[in-house]
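Reader: Can you put the model up and walk me through it? I will ask as we go.

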Amino acid sequence: MTFQRIVVALLVLIVAGLGAVGYFEWRMAVQVRTLKAFVEGYVFNEAVMACEQAKSSTPFKWNGGKSTSVIGLNSVKLDKYTVSASYTLVADSVYCDYDPIKRKAEIGSSFLERE
């Protein structure tokens with residue numbers, strides 16, 4: 001009888017632990033989504049301005065563009081200590097990658113080929 005009670009108590013603790021882990025994971029995911037939305041909103045105006053002023057053979061026109069889209073904030077971990085961030089916009093099939101750290105825009109560039 002004691003063995004059964006111990007097994008049931010351990011099972012209840014395991015289920016409660018898994019529930020707590022799931023709850024905290026859900027809370028963290030909500031906070032990360034909120035933080036990402038805040039950062040994207042903060043970077044958006046700078047990205048549009050830098051992309052429109054970037055020199056390229058294909059001009060990037062966000063204001064007055066027929067088809068505009070925000071791809072969003074992306075990041076690639078290049079090595080153990082380096083993470084490269086990019087905010088990507090598309091206007092009339094012209095891609096613009098904006099680096100919020102360097103504050104530099106590249107028109108028609110590939111995010112993975114950047115320095």
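**Core, strands and rings**

Author: Let me start with one residue. Tyrosine 98, leaving aside its neighbours within four places in sequence, is in contact (heavy atoms within 4.5 Å) with Val43, Glu46, Ala47, Ala50, Ala85, Ser86, Tyr87, Arg103, Lys104 and Ala105.

Reader: Before more detail, what are the ground rules?

Author: This is a predicted model, in which local features need pLDDT of at least 70 and side-chain atom pairs count only at pLDDT 80 or more, while totals for chains, interfaces and linings use all residues. Residues are numbered from 1 along each chain as its sequence is written, and side-chain values use heavy atoms, with hydrogens and water left out.

Reader: What pLDDT does the protein chain average?

Author: The average is 84, and 94% of the residues score at least 70. pLDDT is the predictor's confidence in each residue, from 0 to 100.

Reader: How does β3 pair with β2, and with β4?

Author: β2 and β3 are antiparallel, with five bridges. β3 and β4 also run antiparallel, joined by four bridges. Two strands pair if DSSP finds at least two bridges between them.

Reader: Which residues take a positive phi in the two hairpins?

Author: In the β2 and β3 hairpin, with two residues between the strands, aspartate 92 has a positive phi near 50°. Serine 93, also in the loop between β2 and β3, has a positive phi near 65°. In the β3 and β4 hairpin, with four residues between the strands, arginine 103 has a positive phi near 55°. Most residues other than glycine have a negative phi.

Reader: How far apart are glycine 65 and aspartate 92?

Author: They are 6.2 Å apart, C-alpha to C-alpha, and 27 residues apart in sequence. Glycine 65 sits in the loop between α1 and β1 and is partly exposed at 23% relative accessibility.

Reader: Different topic. What does UniProt place at residues 6–26?

Author: The unreviewed UniProt entry gives "transmembrane region" there. UniProt positions are in the numbering used here, feature names are shortened, and annotations may be inferred rather than shown by experiment. In the model, residues 6–26 are 100% helix and 0% strand, with the end C-alpha atoms 30 Å apart.

Reader: How many aromatic pairs does the structure hold?

Author: Four. Tyrosine 23 and phenylalanine 24 make an edge-to-face pair, 5.5 Å centre to centre with 65° between the planes. Rings of Phe, Tyr and Trp (its six-membered ring) pair if their centres lie within 6.5 Å; planes under 30 degrees apart count as stacked, over 60 as edge-to-face and the rest as tilted.

Reader: How exposed are tyrosine 23 and phenylalanine 24?

Author: Tyrosine 23 is partly exposed at 44% relative accessibility, and phenylalanine 24 is exposed at 54%. The rings of phenylalanine 44 and tryptophan 62 have centres 5.6 Å apart and planes at 75°, so that pair is edge-to-face.

Reader: Where do phenylalanine 44 and tryptophan 62 lie?

Author: Phenylalanine 44 is in helix α1 and tryptophan 62 in the loop between α1 and β1, so the pair ties together parts 18 residues apart in sequence. Tryptophan 62 is buried at 14% relative accessible area, whereas phenylalanine 44 is partly exposed at 24%.

Methods
Buried < 20%, exposed > 50% of the residue type's maximum accessible area, 1.4 Å probe, protein only.
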